[in-house]
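Thanks for coming, everyone. Please look at the screen while I walk you through one model.

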Amino acid sequence: MRTSEIAKRPVVTLGGEDVGQIKDIVYSAGGGAVGGFTLAGRGLFAGPLKQALPWRSVLALGSDAVMIADEDALEPAQEVFDASASTGGSGGNVLGSAVLTDTGTDLGTVRDVIVEVSGAHEGQCDVVGYEIEASQALGHKGTRMMIPLPDTLAASGEHLIVPASARDFVADDLAGFGAAVEAFRAQLGGRD
Amino acid sequence: MRFSEAMGRKVVSTSTADTVGKVDGFVVDPSTRTVLALEVHKAESGDVLRWADVGSFGVDAVTVVADDAITEADDQVTALLGKDHRLVGKRVLSTEGDELGKVEDVEFEPGSGAVTLLVLDRGEVAGVRLRGVGSYAVVVTAE
């Protein structure tokens with residue numbers, strides 16, 4: 001799932017009330033997982049909310065709504081930021097960062113973040129890859145491609161470093177991407 | 001029986017044989033998945049008939065024993081009155097966050113008042129799956 005598709009999705013309680021909509025994603029674990037979401041109010045003139053939604057309170061990340069039990073699921077935004085920071089920083093905003101392999105090849109620029117929910121409720125929301133605007137190195141300059149990520153990676157505001165072998169698992173679309181991530185991570189695991 | 005069939009049905013008092021009002025709406029309690037009360041219009045004594053005070057929900061009329069059965073809404077009914085708690089016309093979300101359609105009609109059991117089926121513009125959802133009814137959506141348990 002692309003995170004750009006999650007933004008603006010309504011946050012709805014099991015009682016059927018919409019308490020807000022997703023504004024931004026708060027990353028935890030060094031950018032490797034989703035720690036929670038900041039929220040905006042619903043409606044034309046609604047601004048950002050002071051409350052945020054930690055990932056552990058999300059019952060389901062659906063295609064049309066993010067489900068929560070009730071309004072108690074929300075926490076002060078600062079607490080969600082702090083909790084995510086304590087697990088290795090928010091990772092900052094990666095959109096626009098250049099993806100470099102550990103051998104120094106520029107693969108392209110991050111345009112979107114791909115996440116996947118592992119396991120049912122209580123499961124993690126993993127960052128599994130990036131959609132990048134490919135560079136010359138990938139042979140399709142300017143086209144959008146999916147690049148899988150290892151469980152952990154190094155990121156500064158400027159660069160993201162991925163293993164050189166990641167380029168062997170680049171996919172054109174989301175359909176084949178899940179398998180590519182698995183194959184890539186299996187290969188990395190085998191090498192250690 | 002469906003909400004659409006029962007709308008407008010007259011409410012008749014069996015003690016005086018008078019028509020005391022007309023069914024104008026349904027107050028559903030999602031926690032019990034039953035019709036808690038009927039909204040009644042054209043009645044003098046109030047606009048709510050609690051399901052417990054319904055004599056029988058017949059094919060041609062709803063009967064009540066006492067003509068003072070139609071009352072003003074009490075706190076429990078008030079909390080579930082209004083369009084925020086209405087099912088018909090509202091979008092349906094599963095607990096997985098997927099939209100299933102819009103409620104077009106609701107089927108209920110005339111004896112107990114139990115909600116047995118939500119009829120959507122695409123498909124149907126069993127009444128037992130009803131979880132909540134709010135201003136944004138009707139929430140049903142995912143299959």
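Start with helix α2 of chain A. Its face turned away from the buried side carries the exposed residues Q78(A), D82(A) and S86(A). Helices (H or I, at least four residues) and strands (E, at least two) are DSSP runs, numbered from the N terminus.

A word on the source. This is a predicted model: local features need pLDDT of at least 70, side-chain atom pairs count only at pLDDT 80 or more, and totals for chains, interfaces and linings use all residues. Residues are numbered from 1 along each chain as its sequence is written, while chains are lettered from A and ligands numbered from 1 in the order in which they are written.

Back to the helix. Which residues of α2 in chain A are buried? They are A77(A), V80(A) and S84(A), in a helix that spans residues 77-86. Seen down the axis of α2(A), the buried residues fall within an arc of 65°, so they line one face. That arc is taken from the directions from the helix axis to the C-beta atoms. Why does this work? An α-helix has 3.6 residues a turn, so residues three or four places apart point the same way.

What do these buried residues pack against? The partners are β2 (18-28), β3 (33-40), β4 (48-54) and β7 (75-76) of chain A.

Now chain A as a whole. It has 3 helices and 13 strands. Buried residues make up 38% of its 192 residues.

Next, the two chains together. 17 residues of chain A are in contact with 15 residues of chain B. Contact means C-beta atoms, placed from the backbone, within 7 Å. On the chain A side, β1 (10-13), β5 (58-61) and β6 (66-68) each supply at least two residues.

Last, a sheet in chain B. This open sheet of 6 strands has the order β11-β10-β9-β8-β13-β12, with mixed pairing. Two strands pair if DSSP finds at least two bridges between them. β11 (124-126) and β12 (130-133) of chain B stand at the edges, each with a single partner strand, so one side of each has no neighbour in the sheet. Inside chain B, 3 bridges join β8 (residues 91-94) to β9 (residues 99-108), and these strands run antiparallel. In β9(B), E99(B) is the bridge partner of L93(B).

How values were computed:
Buried ≥ 20, exposed ≤ 12 C-beta atoms within 10 Å, placed from the backbone. Contact = placed C-beta atoms within 7 Å.
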